[in-house]
There are 6 protein chains.
Amino acid sequence: MTTLRIQVINPNTSLAMTQTIGEAARMVASAGTEILSVCPSHGVPSIEGHFDEAIGAMGVLEQVTLGERAGVDGHIIACFGDPGLLAARELATGPVVGIAEAAMHMATLLATRFSIVTTLPRTVIIARHLLRQYGFEQHCQAVHAIDLPVLSLEDGTGFAQQKVRERCIQAKAQDNCGAIVLGCGGMANLARELSHELGIPVIDGVSAAVKMVEALLGLGLGTSKHGDLAKPNPKPLTGPYAIFNDPSVM
Amino acid sequence: MTTLRIQVINPNTSLAMTQTIGEAARMVASAGTEILSVCPSHGVPSIEGHFDEAIGAMGVLEQVTLGERAGVDGHIIACFGDPGLLAARELATGPVVGIAEAAMHMATLLATRFSIVTTLPRTVIIARHLLRQYGFEQHCQAVHAIDLPVLSLEDGTGFAQQKVRERCIQAKAQDNCGAIVLGCGGMANLARELSHELGIPVIDGVSAAVKMVEALLGLGLGTSKHGDLAKPNPKPLTGPYAIFNDPSVM
Amino acid sequence: MTTLRIQVINPNTSLAMTQTIGEAARMVASAGTEILSVCPSHGVPSIEGHFDEAIGAMGVLEQVTLGERAGVDGHIIACFGDPGLLAARELATGPVVGIAEAAMHMATLLATRFSIVTTLPRTVIIARHLLRQYGFEQHCQAVHAIDLPVLSLEDGTGFAQQKVRERCIQAKAQDNCGAIVLGCGGMANLARELSHELGIPVIDGVSAAVKMVEALLGLGLGTSKHGDLAKPNPKPLTGPYAIFNDPSVM
Amino acid sequence: MTTLRIQVINPNTSLAMTQTIGEAARMVASAGTEILSVCPSHGVPSIEGHFDEAIGAMGVLEQVTLGERAGVDGHIIACFGDPGLLAARELATGPVVGIAEAAMHMATLLATRFSIVTTLPRTVIIARHLLRQYGFEQHCQAVHAIDLPVLSLEDGTGFAQQKVRERCIQAKAQDNCGAIVLGCGGMANLARELSHELGIPVIDGVSAAVKMVEALLGLGLGTSKHGDLAKPNPKPLTGPYAIFNDPSVM
Amino acid sequence: MTTLRIQVINPNTSLAMTQTIGEAARMVASAGTEILSVCPSHGVPSIEGHFDEAIGAMGVLEQVTLGERAGVDGHIIACFGDPGLLAARELATGPVVGIAEAAMHMATLLATRFSIVTTLPRTVIIARHLLRQYGFEQHCQAVHAIDLPVLSLEDGTGFAQQKVRERCIQAKAQDNCGAIVLGCGGMANLARELSHELGIPVIDGVSAAVKMVEALLGLGLGTSKHGDLAKPNPKPLTGPYAIFNDPSVM
Amino acid sequence: MTTLRIQVINPNTSLAMTQTIGEAARMVASAGTEILSVCPSHGVPSIEGHFDEAIGAMGVLEQVTLGERAGVDGHIIACFGDPGLLAARELATGPVVGIAEAAMHMATLLATRFSIVTTLPRTVIIARHLLRQYGFEQHCQAVHAIDLPVLSLEDGTGFAQQKVRERCIQAKAQDNCGAIVLGCGGMANLARELSHELGIPVIDGVSAAVKMVEALLGLGLGTSKHGDLAKPNPKPLTGPYAIFNDPSVM
């Protein structure tokens, strides 16, 4: 059996979160899948808004570029805003899947309506825009924020985790939803336990994306290179962007 | 490694097509997956409209019921209209995925826009309704019909296959689409070759659904049993529907 | 004056409800209209979900087939989910109208926004899907469920009727709606009284559908037989479906 | 049998068209229905744009006011843009139905998709806006204009009628539509013959609206007077608008 | 510097409101802009529904006609329902902007979501229809009504103003909105102060429309005269509408 | 009169295009407006896809940050994909307007439908996504690509300009549109002449954005700092992103 190598890219620079994400990914990866969990060397320690996302996107593109050179088979963008998704698809030959995208897609296969539980209220708009872009506005009942920063999920107290749990219980009771999507890569390790406790599918995007990329690779499918996701038209880049220049033509 | 048993249900009674579908499913199934390909004993030989779909749906529900009793892990509805999908989800505890649904979902992960190539013109409306229900109206550029009946795909002449091929080539050239979805379970064996020839993802729903169900099962996720997809409220059924009565309570 | 014969099909097997529906239909039928109220011999005693609907759809198709052979002029599907609507249209030459459809259409002619009061919470999603399919998502303010099973409307206590009444009063007060649609065929006899008490149009689908079919017949219009609602392509059917085979060609 | 009096309001001042419309209405009216066909004393001779519509709307409101005082039971706005519809509903206690609205509603009951054939290209946008307002954007395949002014339908040569016919034939062949809606009150007398010739429902709004108003009246339903369609808040009006002042309070 | 002359049309006949609106317009007009504030001689003293709007639209069209003859450069429709907007555009060569339109457009440039605070509940539907027509349904979180008539804003007590203020404060706290649009021309003088007090953009349509028309004129742009906003096809008009006949051809 | 300083940011590094854009901006700027035209020191020479946009977004954010420190009053993102728009809004206190956004908004004020003429086919999807995000899907008839790279507009031959002109003429003739939006900052200098030649509004986003920002500033309005466009939560940034750290706290 050939080994598939899937690169899970944490777009922020938090090593703790990169580890949480990597573990969640490995937990569900198939026997023949190798998970590489990476994060950019420079960037934001957490992603909680559009500015953070723009920087996170650069980190994603850097890692996709390096991953492609190293021959990985597929990429996962492990931040719930899926920063840089379409740009990353231009760079990649294999599949690129965002964790928000993966979780939302799967939720619609298991329930007629789902709700989302995310971190800060200011990220709600990002989830809303993704729902619209992916086509799932009608399938989402509500987007809830626990009003704690992303990194509170890594502070070791479990307080944020408890808030997530409470909000999921509330959402199940009040939203008329059949499934819940966890709206942050840092919640990746909570899904299985919450699914058990609540008795409904609670979906984490990291693990969902791993299985989705495996599924696509299992079909021999990669990102379309015809049309608007073709490789970027080659251009000389300078400064911090020189990394993207094709080394074979320099 | 536990073996997963996935039941691929051809909603029509064509044994040739059931075989085509089963082979396509087995071709992509993971090592640990057992594919059971089944079709109803009574019904329509092919599904080419809403009436055919209503009967196909009964066949699907019959097979889901039998499959659940036999302890299968997941179900696939292998007709491009996904007949009986939500009803089947009520009956099942594991995941149930339609082949139109699976193919459309995957297409949106690989290209910004996809087109569909189906059989008879009268099935176009069915695809349109599904696109709307699943949220992918914006992602679909066009739905093409080759204007041949479903069973022409099983007549051994290859004529229908040639028409599918030509229409895919046309769609790539004219539709501004990055991927093509094959709109009939009977086209399941064409996807891989056409992907190669056209150089874009050509997606068959049968194989897509197999990987999607494997993905969901790999995450330990099944259909939500909370809310509107819960088991049907038990009611005494008679005549041809007696098969659905719970044998344990009779 | 020629007599028009309109067949009101209760898709479930409850004789009490078939009678309630038939009476509601006759109450509003024009002098020249004969109402035939029928229900399938086998099926579900009430329809409260997608599985029930799939079986109800078969009952509808059976009765439409028999009605067509008997030369009825039009058909009404008297269950608020309009099960089997498009399939029934394929079978019929005259008009086929669902009661949800009829009530929703009429509500939009009388008020800028309407609300729906239905039975079990699990049927809310069915109403939501119909609103989307018919184009009335924007016109509906809310869908309420009284959380009682359909057959409680036939238990003779009047308890369910009282709950419907209370929910309608609430909806008028809170929803910013100008009309209310009753979301179950079993509520057919409540509309006129509630309209009076509440002082707003409270619309029952059964009587609405009778007038709608009369309207279409009065214009000499039937279901389009060109394109995707043409008669099903003839196919040999076996088992419980043999009833659909054209007797003239056997 | 009580006689119902339905007022068919031609919003323009063309007496020829008022007569065509009145005849079409009477042709389909039930035995117990009296049709009053009226038009405003001042206004535009034909309606072919937004400005014409604004003036037509005043004519509609004048006639609705007079009709209400005379105790008519319902109103029809017999211009395909349905000018003044919501304002007229505020004034009326009975139902008010526009001919575009009536025809579009009925078309969706008979076919999965319909096309519209109208007069001047500049009225296409009016039809488009109505489709959006009524919820039927998805149900309409195309809006065609014969590129002749409205009054060419009254010039006695039959040339415009021939163009309508040709465009309907084209639409059936090319649009993948199952029904056609005639987009002008002046085409009212063409529907029945074209339905015959084309073999699909060709729907005229005037006759459709008559049957729709009869249907609503047959159910005892009128315009909701609760909320945003309640009678206008009374205000002293002067000049040409003095006609709207309530004579009982002057 | 050439002086631009912008006509601000209050569609109702309230002179006090015409003055409020004129002052708000002048407050923000550029040095080179002359503001003409006008209202129709006959009509409704305030606009609080669809009937009022239909009459207001006639006033707008009268003033646009007079303004065009007097050579004004652009027009503003200073009532939050933008009555007669498309008809006015047919009559004008320069730009015509409604105050609802202007405020909504600007709000989407400053915040991801806005809320609206209007007067009577029955006008909420008018705002909802405009949001849909202009494309901003997704950008609007809520439409609130203070439940006071329009003219209470001119009664000198400040009570209505206080209610507006309270509702804006509430909206900011509860709606998850970043900006507020004031939903009545009579609130024009409140925006700047409320913006200060609340610390978010509170947008008045009158001043917004002045700057929008200045912007369009600054680019040398006027209403498109190609297609469906071309001058109305000339027709002889009588009675109160004779004013619209082209004096140069009489 | 206070001078307003508006910064026009070309997100690519082409100095020629930065100059074209700056000139177009100055051409329409009001007397009291100073235009600063800038571009990033590093980045892509032209923006023709999602990857280019991600890099362009970083350039935008860099320049917005520098501009804010220098006290400019507003910002314009002068690339038709509006890269980094929401992130830039988080950074700015004054208004930030994209040129696609400005042009699209203005087009909807002048015509019922507009078309877009852009450069490479692969940028069509970017325009489509913006139309959806801004709410203008219904207002856009077509998006055309001249199939030439962005920088061909700066090659001095005038060939690309001629292709733009031809495509605009075609669009007017075939699209049923009343206005055209030029889909590239490099076309900024063509709008006025094409408007003249075609006799319909041809709108360039650069000049449109200048007037839009002036309009917002004239009302004293800036980006909402309440909610999801508030300043980014401060975080220590390293490497190429250190430039974004607040110098006052270092």
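**Meeting surfaces in a predicted model**

F:P236 is exposed, with a relative accessible area of 65% (exposed is over 50%, buried under 20%, partly exposed in between, with a 1.4 Å probe and protein chains only). This is a predicted model, where local features need pLDDT of at least 70, side-chain atom pairs count only at pLDDT 80 or more, and totals for chains, interfaces and linings use all residues. Residues are numbered from 1 along each chain as its sequence is written, chains are lettered from A and ligands numbered from 1 in the order in which they are written, and side-chain values use heavy atoms, with hydrogens and water left out.

Student: Is E:T118 buried or exposed?

Tutor: Start with its position, which is in strand β5 (residues 114-118) of chain E. Leaving out residues up to four places away in sequence, E:T118 touches several residues, including E:V143, E:I146 and E:M187. The relative accessible area of E:T118 is 3%, so E:T118 is buried.

Student: Which residue has the backbone oxygen that the side chain of E:T118 reaches at 3.2 Å?

Tutor: Good one to look up in the structure! E:G183 is among the residues that E:T118 touches, not counting those up to four places away in sequence. At 3.2 Å, the side chain of E:T118 reaches the backbone oxygen of E:G183.

Student: How many salt bridges are there between chain E and chain D?

Tutor: A salt bridge is a side-chain nitrogen of Lys or Arg within 4 Å of a carboxyl oxygen of Asp or Glu. E:E48 forms one with D:K235, where the closest N and O atoms are 2.9 Å apart. Between chain E and chain D, the count is six.

Student: Which three residues supply 21% of the area that chain E buries against chain D?

Tutor: Buried area is the accessible area (1.4 Å probe) that two parts lose on being put together, summed over both. Chain E and chain D bury about 3500 Å² between them, with 61% of it on carbon and sulfur atoms. The 21% of chain E's part, more than any other three residues supply, comes from E:F51, E:R122 and E:K235.

Student: Which element gives the most to the side of chain B that touches chain A?

Tutor: This contact takes 44 residues from chain B and 44 residues from chain A. The rule finds zero salt bridges across it. Several elements of chain B give two or more residues to this side, among them α4 (99-110) and α7 (191-198). With seven residues, the one that gives the most is α8(B).

Methods. Helices (H or I, at least four residues) and strands (E, at least two) are DSSP runs, numbered from the N terminus. A polar contact is a pair of N or O atoms within 3.5 Å; within protein, one must be able to donate a hydrogen and the other to accept it, and residues adjacent in sequence count only if both atoms are side-chain atoms. Contact means heavy atoms within 4.5 Å.
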